[in-house]
Amino acid sequence: MQKNKNKREIDYQKVGLKVGLELHQQLDTKAKLFCNCPTKLREDPADLELLRELRPTQSELGQIDRAALFEFQKNLKFLYEGYDDTVCLVEQDEEPPHKLDEEALRVTLTMTCLLQSNIIDEIHVMRKIVIDGSNTGGFQRTCIVGLGGFVEDPRFGRVGIQTIALEEDAARKLDTDKKMELIRYRLDRLGVPLIEIATAPDIHDPEMGRVVAEKIGLLLRSTRRVKRGQGTIRQDLNISIRDGGLTEVKGVQRLDLIERIIEYEVERQINLLEIKKELEKRGAKPSLFEGKPTDVTDVFLESKSKILQLEIQKKARIMAQVFPKMAGIIGVQLQPGRRLGTELADYARAYGRVSGLFHTDELPNYGITKSDLVRLHKKMKKQNGDAIIIIAGKADNVEKAFLAVQQRVRQLFKGVPSETRAANEDGTTKYMRPRPGSARMYPETDVAPTIVSKALLKEIVNSLPESLEVKRHRFIQEYKLSKQVASQMVNSLQLDLFEDIMERYRVPASIVAATLLETWKSLRREGIPMDELTSESVLSVFEGLSDQKFAKEAIPDLLSFLARHPDKTINNAITELRLESIDLSVVESFIESLVKKNADLIHKRKLNAIGPLMGDAMREFQGKVDGKIVNKILVAAIKARLASK
Amino acid sequence: MSPNKEEKVNADDDTTEIAGYRGQALSFIRKAKVNDGDLIRLRKKNFVAEGILIPRAEIGADDQHLIIKMGNGYNIGVRVERGLEIEKIQEGMPPHVEIPSRKLIKNTKLPTVGIISTGGTIASRVDYKTGAVMAALSAHDLYNVVPELGELVNIRAEVLFSIFSENMDFEHLSKLARTVASHIKDGDDGIVIAHGTDTLHYSSAALAFALQNLPVPICLVGSQRSSDRPSSDAPMNLLAAARVAAYAPFAAVTVVMHGESSDTFALAHPATKVRKCHTSRRDAFRTVNASPLAMITSKEIKVLEKNLLPRDKKRELVIKPRFDKNVALVKTYAGATGDLLDSLIDKGYHGIVIEGTGLGHTPHTMYPAIRRAQELHIPIVMTSQCLWGRINMRVYRTGVELVNMGVIPGQDMLPSVAYVKLAWVLGQTRDPSKIRSLMTTNLVGEISDQTRTSQFFPGV
């Protein structure tokens, strides 16, 4: 049994790792996919509100979808926020969809060509049942535009593309109320066009996962019609190992997390398979984990556990159940910081709406003392080798939670259950819901099928974005970038931003490239939330530079400021960082006095005095005046001084 | 196998089609001996796709594409062209909708509600043949889809029609009135009628005139989002209607629909003062020139109007289900002439309602036709296309002239209601003075004597 926290060396070939990627990229179109509302997100207070419920329906082939049913059982209400001027009745599910947005279709067709995929002759919009409330209709509209194709990497080879779909983005989840009965969504994002690119499970190595995602991301950027910034690209990963299960990890927002998520998931599956072996070795069987929990509220009436005392005050019940032969297993770490107990708690929360669970592998702790445990063990008739799980909450919730926990424990005997998991910030994952079956689609009859005409296709093929190789040459010729920087730039996800800046503003290419490649990286390393930076903010910085509002030295400070204050503008930043351009006469008079003060130094070291004096001058004018200008004035002043002697 | 031009069958020959496929596509699948529901593989150049052959939408679809549903649930259309190969992998069953059946257990403690289904979105599902929403669900199925109904009432379900409401005519309405009457005679504690929304307000008015002296409530209910989608308003509307039918303290014909866009409450609108006022919103129905009778939440009925006829199962129902279908509703507009009226008169119509402008006016160009109608004793009733407010034919000269010609002022009746009422009145009598008297007297709430401030929607 794996117990040490150190990462073990895994031979991914040997464990039979298979990963498929699903990339979702928001498109930067004028209009949403099925109406004419803008595709911009808003942060100002909403001016309309809707309260709705959803219930599962029959699918086209007759089965009610398993995942859909699960959401319904949770009996939720949804509160939708919108804006009268930018969210119309279509997003509110109060008006039938308009026709498929042509601009979005064109971008998707372009991607289909770039990935050598086969374009579907007649595109049929489908309704994909999603009743978590993220879509007001209870379904997401989606259509397949391309089938097949591939993406190639010199190191890892070819990865097949399965499907390229065009779909509407979901509403933005804002929060869930404490009782977990009301979820708030904002409708601004609902209907924003998304391209979904699904690869074949051809990825056999965690690093390869990241590389392939970057490749596809780069192609997407090359269309120049995709949104940038936090939340505009999301990945789902389908991960499995031999004898394991298929895990769908949802909502990975950062490409650089992909590698770690795959590593951790493989680790989780291996650990689950080892738990299975251990349970078999101990002679446990699924039928041991049934029956109702026992009310043990009386055991904890005097307990010092703050959590339990709070529950007792709320008149909640504390219940417990023996999990035979499970001692030591519930505490096994599956992923860094996540034990089997954490996993079971996810199930308890999802199905029982309780706040979590305690298990004896982690006790005494959390204010639960040894003497509490002695009483508990006695009441529950715990045997050696048994574990006990404790859950507090409303009686029926607790019972539901235990049912879910038992079911999950019984699944341990099968190994790894197929499920949908959500990515955490650190690369670990948590349970979301069972994996949806395939019967969750039916035709969107309100939108007529779109025939991709030969003429449109020809137009698309004739206007494909220039290839990265051609672009690299152009950057060297036109922008005088070095070969190395040009290569870096065309292989960077900042490529489209670079091109936007170069097309709009008169700024030196080398500064733009250095900012987007080097400065960006080092600021992120310093912990600046660079993902918060919108393209508009970055563009505004270079606009300011081009208008000579500040010197290039100010760029890192400005970017940091705007990343930390996404709601502020470049002008706010200039004011607050006190970067207002300085009259050159101020510089000149400062340098004059500096030279005067350091007459001895200049006398001794002649022109070599520039070094130390330049340091002093730049400390004064950092970011406000270009270093070159300061240098020029300083040199002139020193020369004048030396000449006057 | 590839499509062969010589083998093209006549695209207009509907009798030979398979699942909506015709022409080139039909000849292609027929040659491959493939039917809808079969699992097939299609191949051309680099393209390969596998899936179940799905019926082709009949309306407006071409004969150039095959539709398959792939394993991932998506449908795609593949052009039938030179080089396309087809291979049958597995014989299949055509797709069908299966509803988990649920045993009906009568709870003697609960009131019994008759649910009469006439069609419309509330009783509709996706139809794969036409590719559109189509009436297909029986009331009984609805009950299965909304299990909470079982905790509220006992159901006596009956599928009377399966039509879109735009196809509802007076023959249907007479039959509907008789069916409702027989349910009431059989002892139902209330009636719910599932109905398409387009003409729901015509049917509610018709029932209000045809069934008077009600012992129990009659609720017409529809939905604006089809019940095949998770967000459908059908379940909530149906539950609210069943609640009013079974538990409301009053006996009236009402239209029960969403009260606002949220799934928070429904409103019971008075049958003769209601109109569909929006093409698509859930709360499209509004009470016009009156107030809603009740507000219904998932817990209770809040009665909003005073002096309603109380529910009393012992009260004797008066049934007058006859309508004269030779009645027309004509709108006036800028530039309108008497041509439409003349043509109706020529066709032998028995009565005409005019949806006039403003306070109840027509252009002068209509005068000769109106005079002609009067000479032939064809009653003409005036209403206003403003909908809100009351007509007054004494304020302007045009109104005075029309009244002097014999036009009957419809007061604050909605045009649709005046039309239904005239058809009903003509079904009872052809005596001109009785017609005039009935049309100007309030019978079932269609005319009110007071126009209240609160009855017009806010402008800003």
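Here is a short walk through the structure above, which is a predicted model.

Let's start with chain B as a whole. Its secondary structure consists of eleven helices and 23 strands. Of the 460 residues in chain B, 57% are buried. Looking at contacts in chain B with a separation of 6 or more, 70% are between residues 24 or more positions apart.

Now turn to the aromatic rings. A pair of such rings is described by how far apart the centres are and by the angle of the planes. Over all chains, the whole structure holds 18 aromatic pairs. One of them joins Tyr80(A) and Tyr185(A), which are stacked, with 5.8 Å centre to centre and 20° between the planes. Tyr80(A) sits in strand β3 and Tyr185(A) in strand β11 of chain A, 105 residues apart. Tyr80(A) has 0% relative accessibility, so it counts as buried. Tyr185(A) counts as buried too, because its relative accessibility is 3%.

Compare Tyr479(A) and Phe498(A): their ring centres are 5.8 Å apart, but the planes meet at 80°, so this pair is edge-to-face. Here the partners lie in helices α11 and α13 of chain A, 19 residues apart. Both Tyr479(A) and Phe498(A) are buried. In chain B, ring pairs link Phe170(B), Tyr202(B), Phe323(B) and Tyr419(B) into a cluster.

Finally, visit the second largest pocket, which holds about 1200 Å³ of space. Its lining has 38 residues, and among those closest to the centre are Leu255(A), Ser492(A) and Arg524(A). The lining divides into twelve nonpolar, 13 polar and 13 charged residues.

Notes. Residues are numbered from 1 along each chain as its sequence is written. Chains are lettered from A and ligands numbered from 1 in the order in which they are written. This is a predicted model: local features need pLDDT of at least 70, side-chain atom pairs count only at pLDDT 80 or more; totals for chains, interfaces and linings use all residues. Side-chain values use heavy atoms; hydrogens and water are left out. On a 1 Å grid over the protein atoms alone, a cavity is a set of points where a 1.4 Å probe fits but cannot get out, and a pocket is an open set with protein on both sides within 12 Å along at least five of seven lines; lining residues have an atom within 4 Å of a point. Grid points are joined across faces, edges and corners, and a volume is the space filled by probe spheres set on the points. Ala, Val, Leu, Ile, Met, Phe, Trp, Tyr, Cys and Pro count as nonpolar, Asp, Glu, Lys and Arg as charged, and the others, Gly among them, as polar. Helices (H or I, at least four residues) and strands (E, at least two) are DSSP runs, numbered from the N terminus. Buried means under 20% relative accessible area, exposed over 50%, partly exposed in between (1.4 Å probe, protein chains only). Contact means heavy atoms within 4.5 Å. Rings of Phe, Tyr and Trp (its six-membered ring) pair if their centres lie within 6.5 Å; planes under 30 degrees apart count as stacked, over 60 as edge-to-face and the rest as tilted.
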